[in-house]
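Notebook open, viewer loaded. I'm jotting down what I look up, roughly in the order I get to it.

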Amino acid sequence: MVYLGSMTNRLSSVFPFLLVLVDLQYEGAECGINGDVERHLEMGKKLLAAGQLADALSQFHAAVDGDPDNYIAYYRRATVYLAMGKSKAAIPDLSKVVELKTDFTAARLQRGHLLLKQGKLDEAEDDFKKVLKSHPSENEEKEAQSQLLKADEMQRLRSQAHSAFDRADYQAAIAFLDTILEVCVWDAELRELRAECFIKEGEPGKAISDLKSASKLKNDNTEAFYKISTIYYQLGDHELSLSEVRECLKLDQDHKRCFTHYKQVKKLNKLIESAEELIREGRYEDAASKYESVMKTEPNTPIYTIRSKERICHCFSKDEKPVEAIKACSEVLQLEPANVNALKDRAEAYLIEEMYDEAIQDYETAQEHNENDQQIREGLEKAQRLLKQSQKRDYYKILGVKRNAKKQEIIKAYRKLALQWHPDNFQNEEEKKKAEKKFIDIAAAKEVLSDPEMRKKFDEGEDPLDAESQQGGGGNSFHRSWNSWQGFNPFSSGGPFRFKFHFN
């Protein structure tokens, strides 16, 4: 026997009893080896020792083709397959080895170990028992006994797992299966059983990992792909659902359940992608309509209704439709109180409606769930500034317009109020003084809100006409008397004012 240095050590860490490769120290006639086959075996052994697995495999393929009855060639090829993680391919070669040389205990022990990993417990036990009857070495005997005890324990646990499943004790079944699958890691049926237990327990997300493993361990496992797709769909991940159901149809394009599911997922996926594209284009009303269609397309899976309402809430908020936004966002938050996106969008809508306390509350709640979100932090600071500002002079309220009012609306409101509160309309001294103060406020509001830069400052919580709110105490302080506003034209769109109105 020849040890192959680091490569053998790496293999033996995964397969404890694969310690050696049999060297060709015997007469060629015993195995019917010819010169070419021997050269392939020697070259393959060197390449394997060097870790060049693909090249080594090619050499052993050639050796098997050159001498189909050479058990050494099969054994070495099996070794390469195992090093490459291709255990399924290794088992037929190991079976061929024990067929050609029944007393080759290393190959039988290795096959038993692989069968145990696959959950083929009866076959694994048979290999371990035959090893013990074939005059093994001390190490082989110890390993075979250990593996036989392990296989027997797995038999017992598997029986208990099935019994627990049959009586609907899924938690107990999961506990048994957890232990078994630490040993029988390649058993597709047991993984599917544990996945079913997770589904029964209302934890479908935990089933995905087992089902993905089962889809790889069992050939043409359309059922696993179908289940994975439906789980992703139920969890609201329509894109992954579509990807998995396509894998099912690749294996069987006529699979009825996969095809029916595929049509539904594809339709829903197309609607959602279209809606998101509309949002990116700023076409919020059209996007909201698309999400209404999503809810009609899939009324039976709650997650799509919730996510659609969340996005509709976002559309209304971005489209500056605060009443509709608050209603849609509140519906989402009744179902998901910690939904950060809905909290942010409703807070934005509250700001438009000048409901600053409510906006602050939403931002603070959102911040509790996502303290590192810069958008939340900036929104909260803005809401706090606007609340403070609202307790002083609010130019929007002075003109009686919404915060999202267009410039044309602002000018129209200003003209109406300026005409109404012009001091020349009042003869009583007290009323005239009150009108003068009111008129100054109206003029100031028009000056700020009709200027884009000044309005932007005001919208961010800073009064551009208030020296105290200007950074560093500077700024354009608004200390104008009534006299400075005389001679104005309330129907012009800007200054300077050209003439004075006189009222009879």
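Before anything else, my working definition: I call a pair of cysteine sulfur atoms within 2.5 Å a disulfide. Ground rules: this is a predicted model, where local features need pLDDT of at least 70 and side-chain atom pairs count only at pLDDT 80 or more, while totals for chains, interfaces and linings use all residues. I number residues from 1 along each chain as its sequence is written, and side-chain values use heavy atoms, with hydrogens and water left out.

**Entry 1: disulfides**

How many disulfides does the structure hold? I find 2. With the bonded cysteines of the protein chain numbered in sequence order, they pair up 1-2, 3-4.

I took Cys313 and Cys329 to start with; their sulfur atoms sit 1.9 Å apart. The torsion about the S-S bond of Cys313 and Cys329 is about 80°, so I log this disulfide as right-handed. Cys313 belongs to helix H17 (residues 302-318) and Cys329 to helix H18 (residues 322-335), so the link ties together parts 16 residues apart in sequence. For the helix labels, I use DSSP runs (H or I, at least four residues), numbered from the N terminus.

Next I checked Cys248 and Cys258, which are joined S to S at 2.0 Å. Their link is right-handed too, with 95° about the S-S bond. Cys248 is in helix H14 (residues 238-251) and Cys258 in helix H15 (residues 256-280), 10 residues apart. I find both Cys248 and Cys258 buried.

**Entry 2: positive phi**

Most residues other than glycine have a negative phi, so I went looking for exceptions. Glu320 has a positive phi of about 55° and lies in the loop between H17 and H18. At 40% relative accessibility, I count Glu320 as partly exposed. Glu354 has a phi near 60°, also positive, and sits in the loop between helix H19 (340-352) and helix H20 (356-369).

**Entry 3: helix H25**

Which residues of H25 (residues 452-459) are buried? I get Met454, Arg455 and Phe458. Down the axis of H25, the buried residues fall within an arc of 100°, so they line one face of the helix; I take that arc from the directions between the helix axis and the C-beta atoms. Pro452, Glu453 and Lys456 are exposed on the other side of H25.

The buried residues of H25 pack against helix H21 (374-390), helix H22 (395-399), helix H23 (407-420) and helix H24 (429-449), contact being heavy atoms within 4.5 Å. Asp451 caps the N-terminal end of H25, with a side-chain oxygen 3.1 Å from the backbone nitrogen of Glu453. Just after H25, I note that Gly461 takes a positive phi of about 100°.

**Entry 4: the largest pocket**

I get a volume of about 720 Å³ for the largest pocket. For me a pocket is an open set of points on a 1 Å grid over the protein atoms alone, where a 1.4 Å probe fits, with protein on both sides within 12 Å along at least five of seven lines; lining residues have an atom within 4 Å of a point. Of the 27 lining residues, Glu320, Glu348, Leu351, Ile352 and Lys382 are the closest to its centre. H17, H19, H21 and H25 each supply at least two residues of the lining.

Technical notes
Buried < 20%, exposed > 50% of the residue type's maximum accessible area, 1.4 Å probe, protein only. Polar contact = N/O pair within 3.5 Å; in protein donor to acceptor, adjacent residues only side chain to side chain. Points joined across faces, edges and corners; volume = space filled by probe spheres on them.
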